[in-house]
Amino acid sequence: MEYCNARRGMPQTVFPAAGTMFTPSGFSPHLASTCSEADHEEEEGPQEARGPGACVADGPPITSASLDTLIQHLVPTADYYPEKAYVFTFLLSARLFISPPELLARLCDTCIKQQQLDQSPLDTAKVRKFGPKILQLLTEWTETFPTDFRDQKMVGLFKDIIHRIAPCDEVRGREGAYWKTLNQVLQTLNQKLAAIAQGEESIVKVNASSVSSISDKLVGFKTKPPPIQKDILSICNDPYTLAQQLTHVELREREALSGPDLQYSVFVSQQPCFSEQKKKTTNLEAYVRWFNRLCYLVATEICMPAKKKQRAQVIEFFIDVARECFNIGNFNSLMAIISGMNMSPVSRLKKTWGKAKTAKFFILEHQMDPTGNFYNYRTALRGAVHRSQTANSIREKIVIPFFSLLIKDIYFLNEGCANRLPNGHVHFAKFVELARQVGEFMTWKQIECPFETDRSILHYLHTAPIFSEDGLYLASYESESPENQVEKDRWKALRYDRYQ
C-alpha cells in the first residue's frame, strides 16, 4: 500500500500498526485528563462500580470494576435496566476481554439463574417484568453491533432465552409477543447483514478496479495524448458537483465501517481476542485505500497535462473542490486533496504554481495545519458538529472527520491508558472515552447522502488511471525540468527504468 509524501509532513490515513509514524503531539488533551485521573486512582485504590445502574451518563461515573461486575451491570432484571450509554460502552469495549459469543453466553446464563428460568413452574409475574427488558437489550445489541450476529452461536443464544421466557407470554406458542418480536428483530438483522455483505462485495470490486488502474504508461500521453484518454475536467468541471460526489464516496465507504472496526485498527496486534480479526479489517483497509487513491488521483491530474496553463487550471479547480468539501463538512476528502497537492512531484512545479491563483489554497492549508495537534481542524470540526446537531436540512447534518486523525486519537488513547489497573480491574474510564469517540463516528456515518448520484463521475473517481510515485516524478520532471543534481539523477534513473 502506498502513502502520500506531503511536503509539510501532513499525516496520511495509515494503520496504527506502524506506531512509529505517530508522535506524542497527537495525544488529545481530553485523553490526557482521563489517564491522569486513572494514575490518581492507582495511588488511592481504584473506584469500584456502585451497584446496578451506576451509569456513564448520569451521576458519578464508573471508573473501574472487575469484568464480572461490569457484566453484572449489563444484566437486566425485573426492576432494573442498564443505561443506554452503559450498554453501548460495555458492548463496544468488552470484546477486548471476552468474545461476543462468550459474553452473550455468560449474560444468558446469569439471567437464567437469577430469574430461575431453568425451573418449573416459572414465576409468571416476575418473568413478565423481566422478559421485555432482556428482549430490549438483545435488540439493542443487534441494532448497534449487527455483525456480532454473523456468528450463529449468537442467534442460537438469543432464540434460547426467548424460548425460556415464552411460556409466560399472555399468548402461548409462536403467536406470542416474544416470538413475534424475535422474528421481526431477526428479519431486520438479516436485512442489515445482507446490506453490509453487499456493501463489502461492492468495495472489493471497486478496490480491484482501482488497483488495476495504476499505470505509469500515462507519461507517454504528455507528448501525444490519445483520444480515449480523459481527465477530470472533461468529466466534471464544476467544483461543487465533484465535492458532492466525493461526499457520496466517503459516506458509502464509511457506511460499512463499524465501531469494532475502529478498535481492531489499534488493538488487533495486542489483544488475543482479536487474533482472528486480522482477516476482518477489509472495510477499514478499503477506506484507507480510498484516501490514498484520492491523493494520487489529484497529483496525477495535476502532473498529466503537457501545458503549464492547463496544469494551473487543474490546481485551481482542485482548490475550489477542496473549499466546497470544507463547506459540506467533508474533511477527509479535503485532507486527501490538500495532501495530493502537497506531494513532492506536484509541489516542485514552481512555474505551474506561479500561474495559479493560490490564496484560497493557503487558507485551506491553514485550516488543516497539524500545528497544535490540529487545533484549527478540531475547531472547524466542532463547528461542523454543532451545525449537524442544530441542522434544518440533511445537507447540514454531514460530518466526515479526517479519518487518520480519528484513528490516531484512538491509538494514543490505547497507548496512553492501560486496559486494566494494577489490581486487575478494567479501566472503564478509558472505554467511556473510547465509546464517546466511536459513538460520534457511528452517529455521523448514519447520515444518508442528500446529493444526487452521478455515476459517470463516481466511475471515474474509482477507475481513472493514476500514476505511482515514480510515475508522478517522471511526469513532473517532463513538465518542468530537474533543478538540481539529485533531481537530474532521479530523472535519469526513472527514464532508464521506463524503457527497460
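Trainee: Which side chains meet in a salt bridge with Glu433 at 2.8 Å, N to O?
Mentor: That's Arg436. A salt bridge here is a side-chain nitrogen of Lys or Arg within 4 Å of a carboxyl oxygen of Asp or Glu. This is a predicted model, where local features need pLDDT of at least 70, side-chain atom pairs count only at pLDDT 80 or more, and totals for chains, interfaces and linings use all residues. Residues are numbered from 1 along each chain as its sequence is written, and side-chain values use heavy atoms, leaving out hydrogens and water.

Trainee: How are Glu433 and Arg436 separated in helix H19?
Mentor: By about one helical turn, because they are 3 residues apart in H19, residues 428–444. Helices are DSSP runs of H or I, at least four residues, numbered from the N terminus. Salt bridges with shared partners also join Glu433, Arg436 and Glu440 into one network.

Trainee: Is Glu433 buried or exposed?
Mentor: Buried, with a relative accessible area of 10%; Arg436 is partly exposed at 34%. Buried means under 20%, exposed over 50%, and partly exposed in between (1.4 Å probe, protein chains only).

Trainee: New topic: what does Glu480 form a salt bridge with?
Mentor: Arg311, with the closest N and O atoms 4.0 Å apart. The pair links distant parts of the chain, 169 residues apart: Glu480 is in the loop between helix H21 (469–479) and helix H22 (485–498), and Arg311 is in helix H12. Glu480 counts as buried at 7% relative accessibility, and Arg311 is buried at 2%.

Trainee: And how many salt bridges are in the whole structure?
Mentor: A search finds 13.

Key
Helix = DSSP H or I, 4+ residues; strand = E, 2+ residues; numbered from the N terminus.
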